[in-house]
Amino acid sequence: MNAITIKDLNKSFVNGRETANILKNINLNVEKGEFVSIMGPSGCGKSTLLYLLGGLDKPTSGSVSLYGTDLSTMKEKDLCDMRSDKIGFVFQFYNLVPNLNVEDNIALPLMIAGKKSSSYKKKIDEVLEIIGMTDKRKLTPRELSGGQQQRVAIARALVFDPEILFLDEPIGNLDSKTGMRIMELFREINKRLGMTIVQVTHSEEAARYGTKLVRVLDGRIESVEDLTNENPGMDRRVS
Ligand SMILES: Nc1ncnc2c1ncn2[C@@H]1O[C@H](COP(=O)(O)OP(=O)(O)O)[C@@H](O)[C@H]1O
Ligand SMILES: [Mg+2]
């Protein structure tokens, strides 16, 4: 079964008397374990597409299904539950709480969900290890570099063991060297945890870390390129 099935997806926004057709007839499948990069120029509708995939917005027509369930058939409550524990989001800006330390920022979604700290202590250790910041767990965001802050945001997105990780310009705010290190971390998360990743980016360099590159232009898919040969050792599918 596909992790994500996008069928005849259209999205338009109405501003006064004007209707802007942002996404036009998008069809795309994402298999479990893939790392898909959706690339296109600024303003082409990448974030809009990502929000539709994550159920944060609704299509004008067409459908998005996650693991075979059409999001439009889901009740708001189920959609909400799904967003909180089946998918993870990482954005360009890290959205960390300034006065909480690293481990508390990471644990925040679990605290909000009413989990006891004893139940997630191991998980926090595990995700700190993944992002390579075990020794920085007691620091606050202002003591961290941009790249480290983004690592914390990534760890926070991993605490519920999401099925799919959605990334919106995850290195858009970082210098290129730091950004590529973050891309290597995503590649590692995809490979080691077998997590399905969909990123949107305007950077070709970042996009090439994926196993598949989808180019979007003027609201349509322009091309789809298989990158598994460029990323040796990558399993496209994880059993
Ligand atoms: N909620 C909205 N209402 C009206 N227009 C929107 C809305 N969200 C996005 N847009 C428009 O859709 C276009 C694509 O936006 P976006 O998906 O953010 O592009 P990208 O992420 O590729 O830069 C832009 O022209 C933007 O102004
Ligand atoms: Mg955007």
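Modeller: Start with the whole. Of the 239 residues in the chain, 38% are buried. This is a predicted model. Its mean pLDDT is 94, and 96% of the residues reach 70 or more. One stretch needs caution: over residues 235-239, pLDDT stays under 50. For those residues the model has eleven contacts beyond four places in sequence. Where pLDDT is low, the predicted coordinates should not be read in detail.

The chain holds seven helices and ten strands. Its radius of gyration is 18 Å, close to the 18 Å from the globule rule for 239 residues, so the chain is as compact as a globular protein of that length. Along its principal axes, the C-alpha trace spans about 50 × 40 × 40 Å. Take the contacts between residues at least 6 apart in sequence: 70% of them join residues at least 24 apart.

Now the close look: the shell around ligand 1. Phe13, Asn15 and Ile22 belong to the surroundings of this ligand. So do Gly40, Ser42, Gly43, Cys44, Gly45, Lys46, Ser47 and Thr48. Two elements give two or more residues each to this shell: β1 (2-15) and α1 (46-53). The largest share, three residues, comes from α1. By type, the shell has three nonpolar residues, seven polar ones and one charged one.

An open sheet of four strands has the order β2-β1-β4-β5. The pairing in this sheet is antiparallel. β2 (18-31) and β5 (69-70) stand at the edges with a single partner strand each, so one side of each has no neighbour in the sheet. β5 is joined to β4 (residues 61-66) by two bridges. There, Ser65 stands opposite Asp70.

β1 also holds Asp8. The phi of Asp8 is positive, about 45 degrees, although Asp8 is not a glycine. Is Asp8 buried or exposed? Asp8 is exposed, because it has 12 other C-beta atoms within 10 Å, and a residue with 12 or fewer counts as exposed. Elsewhere, Asp218 is also not a glycine, and its positive phi is about 50 degrees. Asp218 lies in the loop between β9 (212-217) and β10 (220-226). With 12 other C-beta atoms within 10 Å, Asp218 is exposed.

For contrast, turn to a covered strand. β6 (residues 87-90) is covered on both faces. Ile87 and Phe89 are buried on one side, Gly88 and Val90 on the other. β6 pairs with β7 (residues 164-168) in the parallel sense, over four bridges. One detail of that pairing: Val90 has Leu167 of β7 as its bridge partner.

Last, a helix with buried residues. Helix α3 covers residues 102-112. Val102, Glu103, Asn105, Ile106 and Ala107 are buried in it. Their cover includes α4 (117-131) and α5 (146-158). After α3 comes Gly114, with a positive phi near 80 degrees.

Back to the ligand, then. Keep two elements in view as you turn the model: β1 and α1.

Conventions. Residues are numbered from 1 along each chain as its sequence is written. Chains are lettered from A and ligands numbered from 1 in the order in which they are written. This is a predicted model: local features need pLDDT of at least 70, side-chain atom pairs count only at pLDDT 80 or more; totals for chains, interfaces and linings use all residues. pLDDT is the predictor's confidence in each residue, from 0 to 100. Two residues are in contact if their C-beta atoms, placed from the backbone, lie within 7 Å. A residue is buried if 20 or more other C-beta atoms lie within 10 Å of its own, exposed if 12 or fewer, and partly exposed in between; C-beta atoms are placed from the backbone. A residue is near a molecule or strand if its C-beta atom, placed from the backbone, lies within 6 Å of it. Ala, Val, Leu, Ile, Met, Phe, Trp, Tyr, Cys and Pro count as nonpolar, Asp, Glu, Lys and Arg as charged, and the others, Gly among them, as polar. The radius of gyration is taken over C-alpha atoms; the globule rule is 2.2 Å times the number of residues to the power 0.38. Two strands pair if DSSP finds at least two bridges between them.
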